[in-house]
Amino acid sequence: MFSTIRICLAGLIGGILFGCRIPEGSIIGYLLPILAVAGTPFLWNSFFNRGLRKFVKIGLTGFSCFFAAGWIAILTTSYHPSEIQAGESCIRAQVVSYRQVSDKLGQLVVRVQKEQEGADWKNRTGKIVVMTRPDKDPGFVPGDTYLFGNLLIKPVSGIPIKNGFVPKRYWISRGVRHETQLSSQNIKQISTAKLPSLKQFFSRWQDTLSNRIDQIGISESGRALMKAMILGDRSEVSKDTLTDFSRAGIIHVLSVSGLHVGIIYFIISWLLKQTVFLSFRIRSMLCLLIVWIYAGVTGFSPSAIRAAGMITLFEIARLGRRGTPGLDVLCSTALIHCLLNPYAI
């Protein structure tokens, strides 16, 4: 019989998918009332004992509450353009990330703060992607705030491109539903980031470790593979090498995953066990600290965060002298991860 945590996780995921309209056509909206009506007799059927009826009540309550939480999380983190705003828009937004895709295209992800409606500014939430020209890039830094004017904001295209890539699916998984084109004449920097973000802080550590690897006396391709496997940095790996790894079915080796975090965890755990002068609690806390530092140095990839979260729950259960069933730890990690970032699924 499913535990309460798994029912809550199912409700949360259902609410997130319903908010994202996945699958398209809102089929979940038709299925949920049917399931609710079909499950209602179980609450009062005398065939079941009182304990089971209580469990069903708690399960349906947990499912409904977390379904609503997932749905609300999507609604409050998605950008919805003004319905009365026709044509071009003027927005104030904060830089989230910037990536140069090619020599002619850059992708700037911003979090919208305000949108102009006539003479007034209205508060907005959510992210959009701004297509830019790399040769006109003013040097975007995460945390900086810009004023973008005369933007024609439209939904992200769902038409597959030549290699079968669907932009809409990719961007919705990152909480982005709308896109626009940037003109260098219609951008103005308002403020800069006061404090470096956590990712920027760990990126400096990554750069330091990357420089240390560059000093190792091995070939250039070997250093590139070492950076990819240890730090998750594949920027220096050649396209031919990536193609070879992909055809061999081991491309995952070149990105930091839960396997890498697990290896670090077991190595650190074994080393700390040799230090008999440290108590069990201190060793556990040091192990968790090192695991999360490694997850930060590798860029806080979703797979690394999942593994670090599972290790954290596992260690907390050990400290509390409680059991550590793997499925419960996995579901608890997924529940927390989706609450913090509903687009993680």
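What you see is a predicted model, in which local features need pLDDT of at least 70 and side-chain atom pairs count only at pLDDT 80 or more, while totals for chains, interfaces and linings use all residues. Residues are numbered from 1 along each chain as its sequence is written, and side-chain values use heavy atoms, with hydrogens and water left out.

Let me begin with the whole protein. It has 12 helices and eight strands; helices (H or I, at least four residues) and strands (E, at least two) are DSSP runs, numbered from the N terminus. Of its 345 residues, 34% count as buried. The accessible surface comes to about 21100 Å², and 62% of that belongs to carbon and sulfur atoms; these areas come from the Shrake-Rupley method with a 1.4 Å probe, and for residues only the protein chains shown count as cover. A contact here means heavy atoms within 4.5 Å. Among contacts between residues at least 6 apart in sequence, 64% join residues at least 24 apart.

I turn now to the strands. Which strands are joined to β7 by bridges? Strand β4, residues 127-132, runs parallel to β7 and is joined to it by five bridges. Strand β6, residues 154-155, runs antiparallel to β7, with two bridges. Two strands pair if DSSP finds at least two bridges between them. To locate these pairings on the screen, please find Lys 127, whose bridge partner in β7 is Val 176, and Pro 155, whose partner in β7 is His 178. Strand β7 itself, residues 176-181, is mostly covered, with five of its six residues buried.

Asn 150 has a positive phi of about 55° although it is not a glycine. At 45% relative accessibility, Asn 150 counts as partly exposed. Thr 145, also found in strand β5, counts as buried, because its relative accessibility is 4%.

Next come the aromatic residues. The structure holds 11 aromatic pairs. Rings of Phe, Tyr and Trp (for Trp, its six-membered ring) pair if their centres lie within 6.5 Å; planes under 30 degrees apart count as stacked, over 60 as edge-to-face and the rest as tilted. Tyr 146 and Phe 148 form a tilted pair, at 6.0 Å centre to centre and 35° between the planes. Tyr 146 is buried, at 3% relative accessibility, and Phe 148 is buried at 0%. Phe 202 and Trp 205 form an edge-to-face pair, with 5.8 Å between centres and 75° between planes. Why are these two residues about one helical turn apart? Phe 202 and Trp 205 are separated by about one helical turn because they lie three residues apart in helix α6, residues 198-214. Phe 202 counts as buried, at 9% relative accessibility, whereas Trp 205 is partly exposed, at 37%. Finally in this section, Tyr 98, Phe 140, Tyr 146 and Phe 148 form one aromatic cluster.

Helix α6 also contains Leu 198, which counts as exposed at 52% relative accessibility. The C-alpha atoms of Leu 198 and Gly 296 are separated by 8.1 Å, although these residues are 98 apart along the chain.

Phe 300 lies in the loop between α10 (280-297) and α11 (302-319). Its phi is near 50°, a positive value in a residue other than glycine. Is Phe 300 buried or exposed? At 17% relative accessibility, Phe 300 counts as buried.

I close at the surface. Leu 259, Ile 263, Ile 267, Trp 270 and Leu 271 form a nonpolar patch with about 520 Å² of accessible area together. Patches are made of residues with over 30% relative accessible area and no salt bridge, with like charges joined within 9 Å and nonpolar side chains (Val, Leu, Ile, Met, Phe, Trp, Tyr) within 5 Å. A salt bridge is a side-chain nitrogen of Lys or Arg within 4 Å of a carboxyl oxygen of Asp or Glu. Leu 259 lies in helix α9, residues 258-273, and is exposed, with a relative accessible area of 57%.

Key
Buried means under 20% relative accessible area, exposed over 50%, partly exposed in between (1.4 Å probe, protein chains only).
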